[in-house]
Amino acid sequence: MKISNVEINTYKIPLPEPVEAYAAGVMKAFDLVICRIDNDNGKQGIGYITVHENQGLAIASIIKNSFVPLLLDKDPRLIELLWKNMWKDTHYAGRGAPVSFAIAAVDVALWDLKGICLNEPIWRLLGGHDKKVLAYAGNIDLNFSTEKLLLGATKSLNQGFQSIKMRLGRATLSEDLKRLEAMRNHLPDNIMLMADANEAWRVDQAVHAFKEIEKFNLVWLEEPIKPDDFKGYSYLRTLGKIPIAAGENLHILSEFNQLINENGVDFLEPDLTTCGGITPFMKIAKLAEINNLPICSHGVHDLHVHLLASCPNASYLEFHAWNIDEFTENSLRVKNGYTEAPEKPGHGISFDFDKLKNFLID
Ligand SMILES: [Mg+2]
C-alpha cells in the first residue's frame, strides 16, 4: 500500500459569539486545517487540527513544504516510521508547536485511513476499552456577565452534561470568587464543577487562590500557572487542597514525563493536536497509567472520544467550545453525562466540504 496524494486545506470558522480565556484573550474565530491522505487503493483518511485564528496557514505550510515529500509513495500503515521521519525532518525548527500541530493533522489522517482499510473504529484499533466516555462541557466564558455565565451552564445541563467547567482569571480574585459562588449555588448538588484559570496567576497568587477556592469542591483547578513551571505545579500540588489538571499546552512527550516526574498533576489532559497526534497521545496515556493517573483530553472531542474509549485509565473528555458540528454528520451527543465513541471505521467523522467551502482561506 502506498500514499498516492496528500491534500491540505485551511478554513477560518467564526465563533457564534466572542469568548475569552485568560491566556488566549478574546477569540472570535478559530482556524481548521484539514489534511486528506489517499492511498493507491482509492481509500482516503482525513486528519484535522483546530488552532487559534490566523495560525492555521503556518501549520498547513509545514505539511505542504516539509511533510508531503516525505509521505508520497510511502506505506501509510507504518505510522510510527512516518511520525519519526516528520519529527526528524523538522527537528531544528520543531520539537514542539507549531510542528506538533502539523504532525498531528497527518497522524490523524493516517490512523483514520488505517481504520477505514481495516473496517474498525480507531478506539478499537487502539486497544478498545469502553465506548461509553465520561464528558464535560468545557465552556469558555471569562468575558461573560455572571448572568450569562449561569445561562451557559443551564444550556450545558440541558444538553445532557453533568459536569461543567468555567473560567477564572478576572481582574481580581474576589471577582472570580463571586462568580464561582454564583455558579455553585446555581448548579444542583449532583453536578460536578471544574475551573480553568488558563495560566492567570503566579505561584504566590495561586497559593492564595487555592486557599479561597478550596471550599467549592472542584473536580479540578486547571492550569493555575504557566504550563512549563513544573516546579510550581509540584509545589501547588503539595498543598493538597485542590486537584490540578494540566497538559493542553505541552507539546512533546518529554514535557509530560517531566510534569509527572515532578508530581505536578492529578488530571493529565493532553491535546492530540498540540502534542503531535494520536500516536504520542497514546504514549502519554500509558505514561499516566503507569503512574496511576487518569487521562483526560482537551479540544477536538470528536477525535479524543476514540482515544479515551481505548484507555483503561480514561477520565473526562472535554467537549470544547470550538465545535465543528455544523460541518459534520452525526456529531457526538451527551446523555446523563456520558457520550459514546462511534462504530464507523476510522474516526467516523464525515465533513460537509460543500458547506466548508464558504470558509476556505487556502
Ligand atoms: Mg484549559
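I then read its backbone angle, and phi of V300 is near 20°, which is a positive value in a residue other than glycine. I remind myself here that this is a predicted model.

**Entry on the whole chain.** I looked up the secondary structure of the chain and wrote down 13 helices and twelve strands. Along the principal axes, the C-alpha atoms of the chain fill a box of roughly 60 × 40 × 35 Å.

**Entry on the domains.** I saw that the chain is divided into domain 1 (3-119 + 353-359) and domain 2 (123-340). The C-alpha centres of these two domains lie 24 Å apart. When I looked up where they touch, I found 30 residues of domain 1 in contact with 28 residues of domain 2. Which elements each supply at least two residues of the side of domain 1 that touches domain 2? I listed the strands β1 (3-21), β2 (25-39) and β3 (44-52), together with the helices α2 (79-89), α3 (99-118) and α13 (353-356). It is α3 that gives the most to this side of domain 1, with ten residues. Sorted by class, the side of domain 1 that touches domain 2 has 20 nonpolar, four polar and six charged residues.

**Entry on α5 and α6.** I then followed a series of helix pairs, starting with helix α5 (residues 146-158) and α6, whose axes come within 10 Å and cross at roughly 35°. In this pair, α5 passes α6 in a right-handed crossing. I noted T146, L149, L150 and A153 of α5 and R179, A182, M183 and H186 of α6 as the residues that make the contact. By class, the contact of α5 with α6 divides into five nonpolar, two polar and one charged.

**Entry on α6 and α7.** Helix α6 (residues 173-186) packs with helix α7 (residues 203-213) at an angle of about 30°, and their axes are 11 Å apart. Angles under 35 degrees count as roughly parallel, and therefore I wrote down α6 as roughly parallel to α7. The crossing in which α6 passes α7 is right-handed. I found that L173, L177 and L180 in α6 meet H208, A209, E212 and I213 in α7. The contact of α6 with α7 has, by class, five nonpolar, one polar and one charged residues.

**Entry on α7 and α8.** I ended with α7 and helix α8 (residues 230-239), whose axes come within 11 Å and cross at roughly 20°. That angle makes α7 roughly parallel to α8, and α7 passes α8 in a right-handed crossing. On the α7 side I listed V203, A206, V207 and F210, which meet G232, Y235, L236 and L239 in α8. The residues of the contact of α7 with α8 divide into seven nonpolar, one polar and no charged.

Technical notes: Residues numbered from 1 in each chain as written. Predicted model: local features only at pLDDT ≥ 70, side-chain atom pairs only at ≥ 80, totals over all residues. Domains from an automatic or database assignment. Contact = placed C-beta atoms within 7 Å. Helix = DSSP H or I, 4+ residues; strand = E, 2+ residues; numbered from the N terminus. Nonpolar A, V, L, I, M, F, W, Y, C, P; charged D, E, K, R; others polar. Axes fitted to C-alpha atoms, helices over the stretch in contact; angles between N-to-C directions. Parallel < 35°, antiparallel > 145°, perpendicular 65-115°, else oblique. Left-handed = near helix turned anticlockwise from the far one by under 90°.
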